[in-house]
Amino acid sequence: MNAPKHSAYADTAEEAIAAQDALDGQTMTSEMATEVAMQNTLLTPRFYTTDFAEMDSIDVSPVRKDWDNLIAGMKADPNKGHFKKTDEWEANWEGMDPALKAEFIDFLISSCTAEFSGCVLYKEMKRRGSNTDITTLFQLMARDEARHAGFINDALREAGIRVNLGFLTQQKKYTYFRPKFIYYATYLSEKIGYARYITIFRHLEAHPDKRFHPIFQWFREWCNDEFSHGEAFALLMKTDSKLTESFINKLWIKFFLTAVYSTMWVRDHQRPLFHKALGVDVTWYGQEVFQKTSEISKQVFPFTLDINHRRWRPNLDRMEKASVQIAKAKERSGIIGLVSRLTGMAKAGIAFASILTIPSIPNDVPDSPVMVPSY
Ligand SMILES: [Fe+2]
Ligand SMILES: [Fe+2]
């Protein structure tokens with residue numbers, strides 16, 4: 001009998017998931033990781049569903065040339081076989097400080113869930129669609145995300161845990177988003193994912209002694225996949241100018257930019273040991289990632305957020321403090337816990353509103369959004 005191929009070589013998401021499931025039969029598993037991945041809070045990665053018929057009806061003719069180039073590049077599959085351990089892989093879980101290990105595992109579980117969230121959504125679009133342009137794109141993106149999630153699970157397995165991908169698909173709650181919200185949110189999460197991975201990769205290139213786990217060595221090729229996925233959503237948004245130019249949609253874009261940036265800020269600040277081990281100042285890192293993402297998003301969004309505004313950082317910090325208060329209050333019962341939770345939520349809401357009302361910086365969007373990863 002042939003051994004199933006590793007998820008890194010899988011040509012489809014289904015093959016990659018099957019390969020991962022086969023491995024799970026052989027290793028010890030942990031309910032904990034899956035439980036963490038199952039959480040649905042404002043700060044944890046969610047699974048999405050949408051109006052697949054509406055998405056299937058997109059006509060990509062207005063961006064045909066750029067579209068065909070992008071799809072050809074993805075079909076050529078330069079990263080086939082990349083997401084697999086090599087001789088270079090030397091993980092030292094035993095030598096890791098337990099508190100750091102806990103934060104790092106949390107980071108891996110949350111990254112795996114986010115990768116898999118993309119996979120599930122893209123795979124479903126591929127399954128439901130009949131528009132060949134759309135189904136081809138989504139099948140290629142689902143393939144990539146399944147490889148990414150599989151690779152993170154490989155890393156987690158060495159620490160004796162894994163995220164049960166099949167279970168998540170069936171049991172995790174799905175949030176419905178209209179297609180245009182999927183474009184804004186997913187475009188941003190792909191591009192911010194690129195910016196996050198490349199910023200860590202470049203930092204560790206300069207400070208190799210801080211590379212406390214081998215997975216960071218894989219981030220460069222990884223972020224190029226995310227970059228292409230973001231390009232695809234940029235092109236999808238380019239097929240209909242209303243999506244980025246109508247008054248209401250501009251408000252929605254601003255909302256999503258603010259929500260995605262502030263969520264990232266709050267979550268990253270909750271992993272101080274992880275960032276300290278990397279030698280990364282988490283505040284610097286946040287601003288750096290926002291800067292890169294904003295620069296890239298000029299390809300399609302008619303404005304960027306003013307991340308140097310005097311109200312920006314203080315209110316992100318307020319949201320972070322409020323989220324700590326809410327988390328602590330959840331652990332307390334009774335009226336005191338409830339009051340603390342509600343005041344925390346009010347503080348977070350006020351801080352969010354304060355950021356949301358910072359005037360944005362207008363941008364002239366180019367005719368063709370196409371970009372190459374340049375960081
Ligand atoms: Fe990914
Ligand atoms: Fe992606």
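**Exercise 1.** Work out how many helices and strands the protein chain has, and how its radius of gyration compares with the globule rule.

*Solution.* Start with the count: the chain has 15 helices and 4 strands, where helices (H or I, at least four residues) and strands (E, at least two) are DSSP runs numbered from the N terminus. Next, the radius of gyration, taken over C-alpha atoms, is checked against 2.2 Å times the number of residues to the power 0.38. The chain comes out at 20 Å, close to the 21 Å the rule gives for 375 residues, so it is as compact as a globular protein of that length.

Housekeeping: this is a predicted model, in which local features need pLDDT of at least 70 and side-chain atom pairs count only at pLDDT 80 or more, while totals for chains, interfaces and linings use all residues. Residues are numbered from 1 along each chain as its sequence is written, and chains are lettered from A and ligands numbered from 1 in the order in which they are written.

**Exercise 2.** Decide whether Gly-118 is buried or exposed, and find what Gly-118 touches.

*Solution.* Then apply the cut-offs: buried takes 20 or more other C-beta atoms within 10 Å, exposed 12 or fewer, partly exposed is in between, and C-beta atoms are placed from the backbone. Gly-118 is buried because it has 26 C-beta neighbours inside 10 Å. Last, leaving out residues up to four places away in sequence, Gly-118 touches Met-141 and Glu-145; contact means C-beta atoms, placed from the backbone, within 7 Å.

Terms used: Two residues are in contact if their C-beta atoms, placed from the backbone, lie within 7 Å.
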